Each structure stands twice: as C-alpha cells, then as structure tokens.
Amino acid sequence: MEIGISVALDRARNISLVPRRLAKSRWLLQRRAHHRATHHGSVVREPSNALLAAKRTLDIVGSSIGLFLFAPLLIGIAIAIKITSPGPVFFRQKRYGYHNRRFFIYKFRTMYIHLSDYRGTRQVTDNDPRITPLGRILRKASLDELPQFINVLVGDMSLVGPRPHVPGMLAGGLLYEELAPYYFQRHNVRPGITGLAQVSGHRGETTVPALAIERLDRDLQYIERWSLWLDLSIILRTSIRELTSGSGA
C-alpha cells in the first residue's frame, strides 16, 4: 500500500465524530482513492486463458468435494432451520459478480423471515435482534456460507476471490464506489467464498472508511498477485482459521 494511502488511513483512524471533521476526513480519503485510481488503474489485469481454466477446474473439483463431504451437515442444518423458525431454508440475495454481472448468492437463512434484509443495506451488528439463536451459531462458525459451494459449481463464484458485495453497499456512510473510485476493479475476477482480505483479518462491518479502503486494497492485491498457489494457500489458511476459531466471515 502506497505511502499516500497510509497517511489517509492514519488520519481516518483518529478523526473526531464531529460532523465537520468527519466530512473533511472522508474528503481526504476520497482524494487519496482518486489518486490511486488515476495512477494505478492499469495494474489489475486479466490472467491468461490457461490459468483461468486451471482456476475453474480447481473450483469445480473443490466445490464438488465440498458438497459431497458436507452433505450430512448440510442436511442436518436444513432440518434444524425448519424446526427452529418458520420460513425457507435458504436465503437468496443479489450480489455483484464477475465483470459487475449480478447473481443470486445462496446462504443458509440465519434471520427471522419477517426481519430478513434482502437488499443488504443494513449491516449485521453484534447482538442483532434479526438473527435467530441457531443463526448466531451458524454465522459464528461460517456454516451459513456452505451453500455457496453451489454458486461455485455453477460458475457464479470461485472458491477464492473478493467477497461478493450487495449492489449499493455502504462504506463509511457512502456508497463504496464513491469512497473509492477504483472499487469496481475488484470485479475483474469471480467473487469467492473466501479471499485474501478475509484471511488477513479484514472482515465484518465496513462502517469505518479507513478499514473499508484497507479491505478493498487487499482485494486488489489478490487480483494483482493471483496464482493457483495463492488460492491454495488462502484455502488452507481459511480452513485452519475456521477450525481453530470459527470466527465467521
């Protein structure tokens, strides 16, 4: 991450909640983001067709194995959801995909059906009353994400890539693309179940502008550095993290 962005992030961490100073901090972050978009817009490039084919093969094999191995768990979770709260087993929501195409992402439903947020404009918070007791367990262990193996198998997602965002997602009270003009570069690859940002600790809410930009920069670092070995290492790190902490996505 270049020095200019770091300076902006340091300033953002120390900003006051006074609206005037908050507005100034956002302006500084956007100015730095525009600088990166102007001077680094060409760094995100498409991999070769051979590498894309290899990545797709890894996705098909990995998602097929995942669905087979987790089949008993998937069935058990589905039954538990039906028993503990009324409504469908799966939650479907439109997300940004490859080259900004939109697709329906599949997750196990973790909220009460009448409180579900299909537009995704309201982020989940600690002790969120919309989440069912079972949903809290599923989210903590990231088990609600398991149906995304289906998205990977059909080609909407990859095992590894930037996490798919809801169109209109907010970051620091602004549209993500307004906070960071280079935002849509993250869609130059298929979105993933896990990614470099997640295994690097950039997870959860995006209410703080500085942290939202850090997460986005991690996504772009992944695209710039991408290789099959990087994907395998992220899968391994994700597996270890979930087995040891189950901290969620």
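Which helix gives the largest share of the nonpolar patch? Helix 3 does, with four residues. The points below start from the model as a whole and come back to that patch.

1. The average pLDDT of the chain is 82. A score of at least 70 is reached by 78% of the residues. Residues 1–28 fall below 50, yet this stretch has 31 contacts in the model beyond near neighbours in sequence. Residues 38–42 are also below 50, with four such contacts. Where pLDDT is low, the predicted coordinates should not be read in detail.

2. **Overall build.** The chain has 249 residues, and 43% of them are buried. Its secondary structure consists of ten helices and six strands. Take the contacts between residues at least 6 apart in sequence: 72% of them join residues at least 24 apart. The accessible surface is about 13,000 Å². Carbon and sulfur atoms account for 61% of that surface.

3. **Salt bridges, and the pair Asp231–Lys55.** The structure contains six salt bridges. One of them pairs Asp231 with Lys55, with 2.5 Å between the closest N and O atoms. Asp231 sits in helix 10 (residues 228–244) and Lys55 in helix 3 (residues 49–69), so this bridge ties together parts that are 176 residues apart in sequence. Are the two partners buried or exposed? Asp231 is buried, at a relative accessible area of 1%. Lys55 is buried too, at 8%.

4. **Asp219–Arg186.** Here the closest N and O atoms of the salt bridge are 2.9 Å apart. Asp219 belongs to helix 9 (residues 209–225). Arg186 is in the loop between helix 7 (176–179) and strand 6 (192–194). The pair therefore ties together parts that are 33 residues apart in sequence. Asp219 has 3% relative accessibility and counts as buried. Arg186 is buried as well, with a relative accessible area of 2%.

5. **Asp128–Arg130.** This salt bridge has its closest N and O atoms 2.8 Å apart. Asp128 is buried, at 0% relative accessibility. Arg130 is buried at 3%.

6. Leave aside neighbours within four places in sequence, and Lys107 is in contact with Val89, Phe90, Phe91, Arg95, Asp144, Glu145, Pro147 and Gln148.

7. The nonpolar patch on the surface is formed by Val61, Ile65, Phe68, Leu69, Phe70 and Leu73. Together these residues have about 590 Å² of accessible area. Leu69 is found in helix 3. At 57% relative accessibility, Leu69 counts as exposed. Helix 3 also holds Lys55, the partner of Asp231 in helix 10. Lys55 is buried, whereas Leu69 is exposed.

Definitions and conventions. Residues are numbered from 1 along each chain as its sequence is written. This is a predicted model: local features need pLDDT of at least 70, side-chain atom pairs count only at pLDDT 80 or more; totals for chains, interfaces and linings use all residues. Side-chain values use heavy atoms; hydrogens and water are left out. Contact means heavy atoms within 4.5 Å. Helices (H or I, at least four residues) and strands (E, at least two) are DSSP runs, numbered from the N terminus. Buried means under 20% relative accessible area, exposed over 50%, partly exposed in between (1.4 Å probe, protein chains only). Accessible areas come from the Shrake-Rupley method with a 1.4 Å probe; for residues, only the protein chains shown count as cover. pLDDT is the predictor's confidence in each residue, from 0 to 100. A salt bridge is a side-chain nitrogen of Lys or Arg within 4 Å of a carboxyl oxygen of Asp or Glu. Patches are made of residues with over 30% relative accessible area and no salt bridge: like charges are joined within 9 Å, nonpolar side chains (Val, Leu, Ile, Met, Phe, Trp, Tyr) within 5 Å.
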